[in-house]
Amino acid sequence: MIKAPFAIGVDLGGTRLRAALITADGSIVKRAETATLASSGPETVLQQIEALAKEVAQSVEPQQICGLGLCAPGPLDTKAGLALSTPTITGFTDFPIQAFLAQRVPWPVLLENDAIAATYGEWKFGAGQTLENLVYVTASTGIGGGAVVDGNLLHGRKGMAAHFGHMTIAPDGPLCACGNKGCWEALASGSALDKMARTIGLSDARAVFAAATNDNKEARLLVDETAQWLGIGLVNLMHLYSPDCIILGGGLSNGFDLLSIGISHRVKSAAMPPFQNIPIVKAALADNSGLVGAGAMVFDQN
Ligand SMILES: [Zn+2]
């Protein structure tokens, strides 16, 4: 039997829902996105996923599609197909999203953590191609990630490995969305920089990067502070995983060039010498890492 040439990748976020029809080489044939109706309940969100998946699938026969890979924010139990407690989407508590979605679409459904799917996308088709070891970190609303170790994508118990954002970096630091204090994402995510931006009269992280580019001193200090916190976590990950490369994605990577100066300083001062030359690069697939990764996983499961 000839293998179906297409898969659907869906990236469910707390604010955006994206879907794409992809081929086995990671090319996007058709892509669509919409705002997630995150507070309207799980039934509405399922309807949205079904509609968007069917929209991107329109141009081909259903049997030409080998499956649908859905990625969503954690914690998920991807082995049981459950959303355990997604703070950004109402009703996603112990919610059997994989089984419910499979009832609505004519394809097998695979469930993956969004950052692990993005890691896979960057590994297969993006900035980490051919590497045996890599760490991917996405910093936007929160911080998530994934790791490839000795040529294997890390999943861990219940598929919950690599929730890097909740490493405690400063025990007396700001409160995190998870309830703990001083988590990495409470200090170094896009939302952490958004909050700091408002203390100097700027709207958000993007405005901070623009002002820092124009040599605004206060904005530069905020960029340096964020880079410091990012660097502290990245050095921890270097020591933990000894990756061939660290890939940085998510909204905060829009300021990659500005941040990388401070990150390099932190790496130089805190990483043990044999770890200091691990390259830190920007993600290559931007918003599509998760989509493409989730779709590609379907091919690789068949
Ligand atoms: Zn946390």
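Start by selecting Thr138 together with Gly144: Gly144, in strand E10, is the bridge partner of Thr138. Keep in mind as you click around that this is a predicted model.

**The hairpins around E10**

Now widen the selection to E9 and E10. These two strands run antiparallel and are joined by 6 bridges. They make a hairpin, with 3 residues between them. Click on Ala139 and you'll find Ile143 of E10 standing opposite.

Next, follow E10 into E11. This pair is antiparallel too, with 2 bridges. Pick Val148 and look across to Leu153 in E11, which stands opposite. The E10-E11 hairpin has 2 residues between its strands, and Asp150 in that hairpin takes a positive phi near 50°.

**Zooming out to the sheet**

Show the whole sheet that these strands belong to. It is an open sheet of 5 strands, ordered E11-E10-E9-E12-E13, and its pairing is mixed. At the edges sit E11 and E13 (280-282), each pairing on one side only.

**The zinc site**

Which atoms coordinate the zinc ion? The donors are His166 (ND1), Cys176 (SG), Cys178 (SG) and Cys183 (SG), at 2.0 to 2.4 Å. The arrangement is tetrahedral, because the 4 donor atoms subtend angles of 105 to 122° around the zinc ion. Along the chain, the donors follow the spacing H-x9-C-x1-C-x4-C. His166 and Cys183 are 17 residues apart, and both are in the loop between E11 and H4.

His166 counts as partly exposed, at 32% relative accessibility. Cys183, by contrast, is buried, with a relative accessible area of 0%.

**The other sheet**

Now select strands E1, E2, E3, E4 and E8. They form an open sheet in the order E3-E2-E1-E4-E8, with mixed pairing. The edge strands here are E3 (28-35) and E8 (109-113), each of which pairs on one side only. From one strand to the next, the twist averages 15°.

Within this sheet, zoom in on E1 (residues 6-12) and E2 (residues 16-23). The two run antiparallel and are joined by 7 bridges. For a specific pair, pick Val10 and find its bridge partner in E2, Ala19.

Then bring in the helices. H1 (residues 42-57) packs on the sheet and touches E1, E2, E3 and E4, with its direction at about 150° to that of E3. H9 (residues 289-301) packs on the sheet as well, touching E1, E2, E3, E4 and E8, and its direction makes about 140° with that of E1.

**Two domains**

Colour the chain by its domain assignment: domain 1 takes 6-118 + 288-301, and domain 2 takes 130-283. How far apart are the C-alpha centres of domain 1 and domain 2? They lie 26 Å apart. To see where the domains meet, select the contacts: 14 residues of domain 1 touch 14 residues of domain 2.

Most peptide bonds are trans, and most residues other than glycine have a negative phi. A few spots here are worth a click.

- Gly74 and Pro75 are joined by a cis peptide bond, with omega about -10°. Pro75 is in the loop between strand E4 (65-72) and strand E5 (76-77).
- Thr130 has a positive phi, near 75°. You'll find Thr130 in the loop between H3 (114-125) and E9 (134-139), where it is exposed, with a relative accessible area of 78%.
- Lys158 has a positive phi as well, near 60°. Lys158 is in the loop between E11 (152-153) and H4 (184-188), and counts as partly exposed at 33% relative accessibility.

Key
Residues numbered from 1 in each chain as written. Predicted model: local features only at pLDDT ≥ 70, side-chain atom pairs only at ≥ 80, totals over all residues. Heavy atoms only, no water. Helix = DSSP H or I, 4+ residues; strand = E, 2+ residues; numbered from the N terminus. Buried < 20%, exposed > 50% of the residue type's maximum accessible area, 1.4 Å probe, protein only. Donors = N, O, S within 2.8 Å, 3.2 Å for Na, K, Ca; no water. Tetrahedral: all angles 85-135°; square planar, octahedral: opposite > 155°, others 65-115°. Pairing = 2+ DSSP bridges. Axes fitted to C-alpha atoms, helices over the stretch in contact; angles between N-to-C directions. Contact = heavy atoms within 4.5 Å. Domains from an automatic or database assignment.
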